[in-house]
Amino acid sequence: MGPASCAGKGSPMRILIVEDEKRLAQTLGGLLARAGYAYDLAYDGDQGLDCALSGIYDGVVLDVMLPGKNGFQVVEALRRAGRKTPVLLLTARAETGDKVQGLDSGADYYLTKPFDSRELLACLRAVLRRQEPLAPEVLAFGGLTLNLSACTLGWGEKWVKLSARELEVMRLLMANPGHVVPKETLLLKVWGYDSGAEDNHVEVYVSFLRKKLHHIGSRAAISSARRLGYFLEVKDD
Ligand code: CA
């Protein structure tokens with residue numbers, strides 16, 4: 001259980017502890033380990049944020065007064081990046097203003113030091129329970145399956161790897177079954193406003209996807225709606 005390592009996998013829930021007082025950090029780690037959690041330690045706000053952004057943690061126990069970014073800034077940055085990882089803020093400061101700031105910054109719960117170890121574990125369980133259900137990782141259309149986390153597209157037993165842009169184009173088509181997705185929408189959502197990408201980027205990626213669909217023997221195909229856009233349909237044999 002090396003300090004400040006972002007790496008690691010395993011079946012127990014994995015908690016990131018961000019705490020600059022090393023003795024306290026290790027005490028917390030021991031407490032979590034005895035309660036059945038895996039954990040990693042980070043000793044300042046910047047390192048803590050990098051680790052938290054890795055997305056491998058089920059929860060974060062976060063001190064407020066830290067070198068580098070403070071705890072509030074870490075939570076704010078995490079939420080700005082779209083991460084919903086539950087965060088339990090920990091601090092010696094007990095003023096109401098701090099608590100409000102902590103919760104406003106996006107933390108799920110606020111615990112004041114010194115705390116009872118049973119209280120900490122109960123709070124941690126509470127914030128972990130509150131975690132939102134994960135977004136679906138798999139989209140399906142006809143017999144076609146798009147695995148968003150593995151970046152793969154499958155028909156029957158055959159799978160093919162997609163690039164990030166191919167995945168996004170396919171995701172938009174599969175999320176709108178039976179509807180024409182305008183080229184403009186694909187362009188804006190996949191490439192963005194300022195990318196300088198043009199309509200033919202969409203056409204090129206659709207042609208990549210058509211080749212891959214053909215490769216896996218898919219009867220689901222990307223059809224063109226005149227010059228408007230694209231939609232998925234399942235063709236007869
Ligand atoms: Ca501290």
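This is a predicted model: local features need pLDDT of at least 70, side-chain atom pairs count only at pLDDT 80 or more; totals for chains, interfaces and linings use all residues.
User: Which residue of strand 9 is the bridge partner of Leu-153?

Analyst: Residues are numbered from 1 along each chain as its sequence is written, and side-chain values use heavy atoms, leaving out hydrogens and water. Strand 8 (residues 152–155) and strand 9 (residues 158–161) pair in the antiparallel sense over four bridges (strands are DSSP E runs of at least two residues, helices H or I runs of at least four, numbered from the N terminus; pairing takes at least two DSSP bridges). Within strand 9, Leu-153 has as its bridge partner Val-160.

User: Which residue in that hairpin takes a positive phi?

Analyst: The hairpin of strand 8 and strand 9 has two residues between the strands. A positive phi near 60 degrees is taken there by Gly-156.

User: What is the strand order in the open sheet of five strands?

Analyst: Its pairing is parallel, and the edge strands, each pairing on one side only, are strand 2 (38–42) and strand 5 (109–112). Strand 3 (residues 59–63) and strand 4 (residues 87–91) are joined by four bridges, with Val-61 partnered by Leu-88 of strand 4. The order is 2-1-3-4-5.

User: How is helix 6 oriented relative to helix 8?

Analyst: Helix 6 (residues 164–175) packs against helix 8 (residues 199–215) at about 85 degrees, with the axes 10 Å apart (axes are fitted to C-alpha atoms over the stretch in contact, and angles between N-to-C directions run from 0 to 180 degrees). Angles under 35 degrees count as roughly parallel, over 145 as roughly antiparallel, 65 to 115 as roughly perpendicular and the rest as oblique. Therefore, relative to helix 8, helix 6 is roughly perpendicular.
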